[in-house]
Amino acid sequence: MKKNVPVLIDFDGVIKLGDQIAPDAKEFFDFIHTKRIPACILSNSTLRTSELMKNFLLEKGLQLDIPAFTAFDVTLDYVKKHHSKVKVYCRDYLLQHFEGMIDDQNPDVVVIGDIGDRWNYNTMNEIFNYVINGAEIIAMHKNKFWQPEGKLILDAGAFISAIEFATGKNATVIGKPSPLYFKTALEEIGYSTNNEFIMIGDDLENDILAAQEIGGTGILILTGKTNSDDIKELKPDFVVRSLNEVIKILEQV
C-alpha cells in the first residue's frame, strides 16, 4: 500500500453485522495497526455516539486504537457551534446531549435523526410547521433505507425529502454523503480531502459514490445493504465480500 494513504471505514454493514461484528474484523484491525495505516471509523448512525459504538465493539472483544465517530457526534458539534435554539428529533436517550438548547416553541433549526417507528403524519406535520415558519433543517444523514436485522426498512432520508418538498427548503446534511463528513473524518487523522484516501463501505451512494466524487477510492463490501445485483451505473473501484479481501487490496494499492 502507498505510504500514508488514509482509510475511512463504515461501521454498520462493514464492522457491525446485525448484532455481531464481522468474523474477520479483528484480523482486519490488527492489519491496520501493524501496518500503521492512518484510519478512522465513520458511521452514519444516529442511534449512538462514538462512545456507545466503541463500547459495543469492546463487548464483542474488539478494542480499537483509531478514532471513531458517528453522524450524531458531528451533528451535535456542528449545532453547538452554529445554533442556540433547536428542536431535535432523535432517540430519547440521546436528547440529553442537547441540554439547554431545546426550544419547542420557536427553534432556529430542526435537527432530524432517527426516530424509528415514531414517524407518522402528526410528526411530519409538526416538523413542517416549524420549517415553514422559519426554522432551518439539519439532517444528521439522509439515508434512503437501512438494514438493521436483515430486513430493509425506510430511513430518515425519505421523510426529510418529504419535508424539503413541502417547504421548498433544503436540509443541511451532516452525515454521508456530505463532503463535510468526509472532511471531518480526514482532518481527525491529519489529512484533507485534497489527499488520496480510501473509503470502505456497504452503501453504493453514501459511501462509494460520495467518496469518489471528492477524489477518493471506493471499496464496496457486500456484507451489508448492497448486493452484486445492485451494481449498475454506479461503479465501485473494488468490490469485495469480506474484510479479508479488503486486506489483500490494501496490500496491493
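Predicted model: local features only at pLDDT ≥ 70, side-chain atom pairs only at ≥ 80, totals over all residues.
Biologist: Is helix 1 roughly parallel or roughly antiparallel to helix 8?

Modeller: Helices (H or I, at least four residues) and strands (E, at least two) are DSSP runs, numbered from the N terminus. Axes are lines fitted to C-alpha atoms, for helices over the stretch in contact, and angles run from 0 to 180 degrees between N-to-C directions. Helix 1 (residues 25-34) and helix 8 (residues 243-252) have axes 8 Å apart and pack at an angle of about 20 degrees. Angles under 35 degrees count as roughly parallel, over 145 as roughly antiparallel, 65 to 115 as roughly perpendicular and the rest as oblique, so helix 1 and helix 8 are roughly parallel.

Biologist: How many charged residues does the contact of helix 1 with helix 8 have?

Modeller: Contact means heavy atoms within 4.5 Å. On the helix 1 side are Ala25, Glu27, Phe28, Phe31 and Ile32, which meet Leu243, Asn244, Val246, Ile247, Leu250 and Glu251 of helix 8. Ala, Val, Leu, Ile, Met, Phe, Trp, Tyr, Cys and Pro count as nonpolar, Asp, Glu, Lys and Arg as charged, and the others, Gly among them, as polar. By these classes the contact of helix 1 with helix 8 has 8 nonpolar and 1 polar residues, and the number of charged residues is 2.

Biologist: Is helix 4 oblique or roughly parallel to helix 5?

Modeller: The axes of helix 4 (residues 121-132) and helix 5 (residues 156-167) come within 10 Å. These axes cross at roughly 45 degrees, which means that helix 4 and helix 5 are oblique.

Biologist: Which residues of helix 5 make the contact with helix 4?

Modeller: By class, this contact has 9 nonpolar, 1 polar and no charged residues. Helix 4 contributes Met124, Ile127, Phe128, Val131 and Ile132, and the residues of helix 5 are Phe159, Ala162, Ile163, Ala166 and Thr167.

Biologist: Which members of the largest nonpolar core touch the most other members?

Modeller: A nonpolar core is a set of buried Ala, Val, Leu, Ile, Met, Phe, Trp, Tyr and Cys residues joined through side-chain atoms within 4.5 Å. Buried means under 20% relative accessible area, exposed over 50%, and partly exposed in between (1.4 Å probe, protein chains only). Of the 32 residues in the largest core, those touching the most other members are Ile9, Phe28, Phe29, Ile41, Ile200 and Leu250.

Biologist: Is threonine 75 buried or exposed?

Modeller: Threonine 75 lies in helix 3. Beyond residues up to four places away in sequence, threonine 75 touches Val111, Ile138, Met140 and Ile174. Its relative accessible area is 0%, so threonine 75 is classed as buried.

Biologist: What is the relative accessible area of valine 74?

Modeller: Valine 74 also belongs to helix 3 (residues 71-82). Leaving out residues up to four places away in sequence, valine 74 touches Phe69, Ile174, Tyr181 and Thr184. Valine 74 is buried, and the relative accessible area is 10%.

Biologist: How far apart in space are lysine 54 and leucine 64, C-alpha to C-alpha?

Modeller: Lysine 54 is found in helix 2 and counts as partly exposed at 32% relative accessibility. Apart from neighbours within four places in sequence, lysine 54 is in contact with Leu64, Ile66 and Ala68. Lysine 54 and leucine 64 are 10 residues apart in sequence, and their C-alpha separation in space is 7.5 Å.

Biologist: What is the phi of arginine 36?

Modeller: Most residues other than glycine have a negative phi, and most peptide bonds are trans. Arginine 36 is placed in the loop between helix 1 and strand 4 and is exposed, with a relative accessible area of 74%. Although arginine 36 is not a glycine, its phi is positive, at about 55 degrees.

Biologist: Is the peptide bond from lysine 176 to proline 177 cis or trans?

Modeller: Proline 177 is in the loop between strand 11 (172-173) and helix 6 (179-188). With omega near 15 degrees, the bond from lysine 176 to proline 177 is cis.

Note on methods:
Residues numbered from 1 in each chain as written. Heavy atoms only, no water.
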